[in-house]
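Visitor: I would like to learn how to read a few features of a protein model. Could we go through them in turn?

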Amino acid sequence: MAMRRDEWLDLARKVDWAFSYVDEREVYPEVVSGRPWLSHEAWSAWTEPYRTTFGEYVETQHHKEVAVRAVREAVGRVEDFQHLDRAWLSALKLHDATLPLAEFAAVIGNLRAARFGRDSAWRNGSLLGALDELRHTQIPLLIAHELVRWDVQFDWAHKFYHSNNWVAIAARHVFDELLIASDPIEFAIATHFVLETGFTNLQFIGLSSMARGAGDRMFETMVKSIQTDEARHAQIGRAVLDIVMKHDPAYAQRVVDKWFWRQWHLFAVVTGFAMDYLTPLASRPSSFREFMHEWVLVQFERSLEDVGLARPWYWDEFVASIDVYHHMVYASAYTYRATVWFDLAMPSPDERAWLRDKYPATWDAIDPVWHRLDERWRVAGPDLEWYSHGTTPVGFCNLCQLVLSAGTPTKNSARVVDLDGRRHVFCSEPCQWIFEQDRARYAPHRDVVQRILGGLAPGNLLELLRTYFGLSEDMWGKDAARGRHPWLEGR
Ligand SMILES: [Fe+2]
Ligand SMILES: [Fe+2]
Ligand SMILES: [Zn+2]
């Protein structure tokens, strides 16, 4: 008679043994396995709340694949996308570019943990995590591939991380370190605990409901299907963190503080743009700010407390930035829209009223930018993109590599710091703090402006777009309505 699952599962997931002719430190060197380095005894109680066997994994994943394929067959053709709102399509292009190859980098992070994680149950969980991330790479690439023949901007789903586009430089700067360079302990805390439990709930709850509202069932299905995997492998994070907290809580706190900020900036750009600007107004159940407060702040604070960690030291600055940061970057991106691979939408008067209502403390400082852009379009008329477009390259943060937009129109938060004979500019105090924690790692990296000054990239904007950012005129970002704004007509 076959054994029952609970009779054999522990035997199958816990397969550690004592090494007899080699030292444990040679099998799991600290430089690859991570710190704090502890003998296996300290890790042997490692356990995950939801256990999965390989057989169960394969069966569950098969059902998920069948479900995604059925939706793709029903609503995944070009014609199904052609009737979607133009601005929403930009939200898709933004996600389709930043997501799939970052998921592929996460395969590598999981595989390193599948070899160098310190307990066998953790290593098994990471192996399934690697298979998950391969799936998250393939699904969006498959969906976007169908769309390239209709709209060349979807080509960026694959092209993005292979380019020197400024957004790709910033995204690589975060993800290379997070997913490829970090050891399994830092990876578990930073990716599984901070990213997958801190931030991706918002994608699942918020963005998938917006996709439904926008009539995009394909995106809704994809995000939900991906999230069910994330929820399973994310549990590795807490299990690792609990053990690190016993032996080096100060290190755990530092890793959390560093990665929460680094991920926040990129997340605010990708999700903040989608939620407050690129989703049709009627399909927005809440603002980015409301989603952040409900799904990130409250929940993340609770999980920090559960583990025994404090809130990051910059918490007040972080909470304040939820009201303004993505608005600043969006206004910058709109005025430099030819530097990206998706179109940007002007907020209409109704949308500006909605934004004022949702951001009562900060919108009055942002709104004059859009008023000015309205005036520019009024004078220029449709199709004349350049009259509302910047011409000189802007400044970038030496840490996050995003535009220097962490302040407000009246308060410049940039920090200029001379370190080891070189001048560095940071968008914010946390970015400076992260840099100073590990100067040797970050200092040699050059941002876009330094590449221009160093002769590595052209200073002329058109040249920069074509030869360095990888954009041709047919694919670079334009106003989503090509300047045909109904509220300006007849005036
Ligand atoms: Fe993933
Ligand atoms: Fe993941
Ligand atoms: Zn920064």
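Visitor: In which loop is P36 found?

Guide: P36 is in the loop between α3 (30-33) and α4 (40-43); helices here are DSSP runs of H or I with at least four residues, and strands are runs of E with at least two, numbered from the N terminus. The peptide bond from R35 to P36 is cis, with omega near -5°. This is a predicted model, in which local features need pLDDT of at least 70 and side-chain atom pairs count only at pLDDT 80 or more. Residues are numbered from 1 along each chain as its sequence is written, and side-chain values use heavy atoms, without hydrogens and water.

Visitor: How are two packed helices described?

Guide: Two packed helices are described by the angle between their axes and the distance between the axes. Helix α12 (residues 184-213) and helix α15 (residues 249-278) pack at about 25°, with axes 9 Å apart. That makes α12 roughly parallel to α15 (angles under 35 degrees). Among the residues making the contact (heavy atoms within 4.5 Å) are F193 and L202 of α12 and W259 and F267 of α15.

Visitor: What is the phi of D420?

Guide: D420 has a positive phi of about 45°, although it is not a glycine. D420 sits in the loop between β1 and β2 (422-426), and at 68% relative accessibility it counts as exposed (over 50%).

Conventions: Chains lettered and ligands numbered in written order. Axes fitted to C-alpha atoms, helices over the stretch in contact; angles between N-to-C directions. Parallel < 35°, antiparallel > 145°, perpendicular 65-115°, else oblique. Buried < 20%, exposed > 50% of the residue type's maximum accessible area, 1.4 Å probe, protein only.
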